Amino acid sequence: MSAVDQGAPGAERTLGQLVASATAEMSALVHDEIALAKVEIKQDVKRAGIGSGAAIVAGVLLLFSLPVLSFAAAYGIHNLGLGLAWSFLIVGVVFWLLAGVIGLIAMAKFKKIKPPVKTIASVKETAALVGTVKPHARSVSDSAVGVARSSS
């Protein structure tokens with residue numbers, strides 16, 4: 001076996017070996033970038049789900065409970081001695097405040113959603129590294145020149 005076959009230090013690798021190595025490394029790099037993006041996006045999707053759920057709950061609470069509870073509360077306040085119109089106004093304002101608090105919780109969850117920062121940084125770093133790579137100048141032997149001339 002030659003030194004190239006044994007992978008000895010300083011041994012020249014063939015073009016096929018270099019291409020295969022570069023292809024394998026780029027494939028592994030792309031797979032790692034995709035895995036990192038999936039992890040970061042999964043966290044943001046979970047936050048978006050929680051925020052959306054909170055917003056939906058706020059809407060459902062307003063929609064279904066507003067008429068029934070409004071009448072019950074307003075008539076309860078009216079029985080305490082306050083005018084009926086003021087009773088309904090108080091109940092309406094309380095429901096609006098509750099909806100506002102739940103809406104603020106939803107907005108806080110949405111604001112925590114961020115772009116996949118680590119993935120973007122890693123891709124930029126990789127692109128910068130790949131952009132600086134230049135092919136090595138190879139010396140052309142006389143036999144290679146002869147082959148190139150005879151084939152043209």
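## Exercises on a predicted helical model

Asp44 is buried, having a relative accessible area of 12%. Keep that residue in mind as you work through this predicted model.

**Exercise 1.** Find the salt bridge partner of Asp44, and state where the two residues lie.

*Solution.* 
- Start with the partner: the side chain of Asp44 meets that of Arg47 in a salt bridge, with 3.2 Å from N to O. The cut-off for such a pair is 4 Å.
- Asp44 and Arg47 both belong to helix H2, three residues apart, or about one turn of the helix.
- Now look at accessibility. Arg47 is partly exposed because its relative accessible area is 32%, a value that falls between the limits of 20% and 50%.
- Finally, the count for this rule comes to one salt bridge.

**Exercise 2.** Work out how helices H2 and H3 are oriented relative to each other.

*Solution.* 
- Helix H2 covers residues 15–79 and helix H3 covers residues 84–111.
- The two pack at an angle of about 170 degrees, and their axes are 9 Å apart.
- Angles over 145 degrees count as roughly antiparallel, so H2 is roughly antiparallel to H3.
- The residues of this contact divide into 23 nonpolar, six polar and two charged.

**Exercise 3.** Locate Leu61, and list its contacts beyond four places in sequence.

*Solution.* 
- Leu61 sits in helix H2.
- With a relative accessible area of 43%, Leu61 is partly exposed.
- Once neighbours within four places in sequence are left aside, Leu61 is in contact with Leu66 and Ile102.
- Compare sequence with space: Leu61 and Ala99 are 38 residues apart in sequence, and their C-alpha atoms are 8.1 Å apart.

**Exercise 4.** Summarise the whole protein: which elements does it have, and in what order?

*Solution.* 
- The secondary structure comes to five helices and zero strands.
- From the N terminus on, the order is α-α-α-α-α.
- Of the 152 residues in the protein, 11% are buried.
- Among contacts between residues at least 6 apart in sequence, 63% join residues at least 24 apart.

Technical notes: Residues are numbered from 1 along each chain as its sequence is written. This is a predicted model: local features need pLDDT of at least 70, side-chain atom pairs count only at pLDDT 80 or more; totals for chains, interfaces and linings use all residues. Side-chain values use heavy atoms; hydrogens and water are left out. Axes are lines fitted to C-alpha atoms, for helices over the stretch in contact, and angles run from 0 to 180 degrees between N-to-C directions. Angles under 35 degrees count as roughly parallel, over 145 as roughly antiparallel, 65 to 115 as roughly perpendicular and the rest as oblique. Ala, Val, Leu, Ile, Met, Phe, Trp, Tyr, Cys and Pro count as nonpolar, Asp, Glu, Lys and Arg as charged, and the others, Gly among them, as polar. Buried means under 20% relative accessible area, exposed over 50%, partly exposed in between (1.4 Å probe, protein chains only). Contact means heavy atoms within 4.5 Å.
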